[in-house]
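Trainee: Could we go through this model together? I'd like to know where the labels come from.
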Amino acid sequence: MPVPRRFDRRPPERDPTRINERIRVPEVRLIGDEGKQIGVVKTPEALAYAQERDLDLVEVAPEARPPVCRVLDYSKYKYEQEQKQKQARKHQQNITVREIKFRPKIAQHDYDTKKGHVERFLRDQSKVKVTIMFRGREMAHPERGKMILDRLAEELEGLAIIEQRPIQDGRNMTMMLGPVKAAAEKPAEETPAPGEKPAAEEKPAAEETPAPEEKPAAEKAEPEKAPAEKAPTGF
């Protein structure tokens, strides 16, 4: 069991990579800062070569004879390695295996409940180990357990793939289901038949302009004005 970090009194692990004065061998095979192989040189000469360029002498292949050392900026090199490991852990997917147990004489309600658990595990991208437990005389009818497993796999066909077919293991029958990675694909657009315009390009039918309302006959023909009466003339 790992010791919690706050109770761990052990000294921090020392970087095992040997650099600069920690390289104690008499001679090394030197690789320059540009990646060019210089050859086998004395260790003090290789260290002086690195110090002239304000870089570090790093042992990259200690198992070789003589060990291979490279001239580089060790702090930058170590940072880049840590970033690569961090990215690798980020893209690494941890697969969890869950187990659900059934009985050969399981009731419909219990079956539906446990089937719901299996669906939830699969949607969480976990593998599911389905186990049928036999007791006593139930061992004489293993086909009942296989029927339950086949039924479950058939009903979960869109969510699961069978990674391990039902196998008998003593008093248990097991089957392994794995999640299906559904690829999100856009539906293909329908291509119109040749000579047929797509619906978006079809122009709407011209709207009929309503005929102007006809004015009533009274408005069309103005009434005739009565002749003005002449005023009486005085004698």
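Trainee: What is the mean pLDDT of the chain?

Mentor: The mean is 78, and 70% of the residues reach 70 or more; pLDDT is the predictor's confidence in each residue, from 0 to 100. Over residues 198-206 pLDDT stays under 50, and the model has two contacts there beyond four places in sequence (contact means heavy atoms within 4.5 Å). Where pLDDT is low, the predicted coordinates should not be read in detail.

Trainee: What makes S1 and S2 a pair?

Mentor: Two strands pair if DSSP finds at least two bridges between them. S1 and S2 have five bridges, in the antiparallel sense, so they count as paired under that definition. Val28 has Val41 in S2 as its bridge partner. The two strands form a hairpin with five residues between them, and Gly35 in the turn has a positive phi of about 85 degrees.

Trainee: Which strands are the edges of the open sheet?

Mentor: The open sheet has four strands in the order S2-S1-S4-S3, with mixed pairing. Its edge strands are S2 (37-42) and S3 (56-61), because each pairs on one side only.

Trainee: Why is Ser126 called buried?

Mentor: Buried means under 20% relative accessible area, exposed over 50%, and partly exposed in between (1.4 Å probe, protein chains only). Ser126 has 6%, so it is buried. Ser126 sits in the loop between H3 (108-123) and S6 (127-133). Leaving out residues up to four places away in sequence, Ser126 touches Thr96, Arg98, Phe121 and Pro179.

Trainee: Why is H3 called oblique to H4?

Mentor: The axes of H3 and H4 (residues 142-155) come within 12 Å and cross at roughly 50 degrees. Angles under 35 degrees count as roughly parallel, over 145 as roughly antiparallel, 65 to 115 as roughly perpendicular and the rest as oblique. That makes H3 oblique to H4. The contact involves Gln108, Tyr111 and Lys115 of H3, with Ile148, Arg151, Leu152 and Glu155 of H4.

Conventions
Residues are numbered from 1 along each chain as its sequence is written. This is a predicted model: local features need pLDDT of at least 70, side-chain atom pairs count only at pLDDT 80 or more; totals for chains, interfaces and linings use all residues. Side-chain values use heavy atoms; hydrogens and water are left out. Axes are lines fitted to C-alpha atoms, for helices over the stretch in contact, and angles run from 0 to 180 degrees between N-to-C directions.
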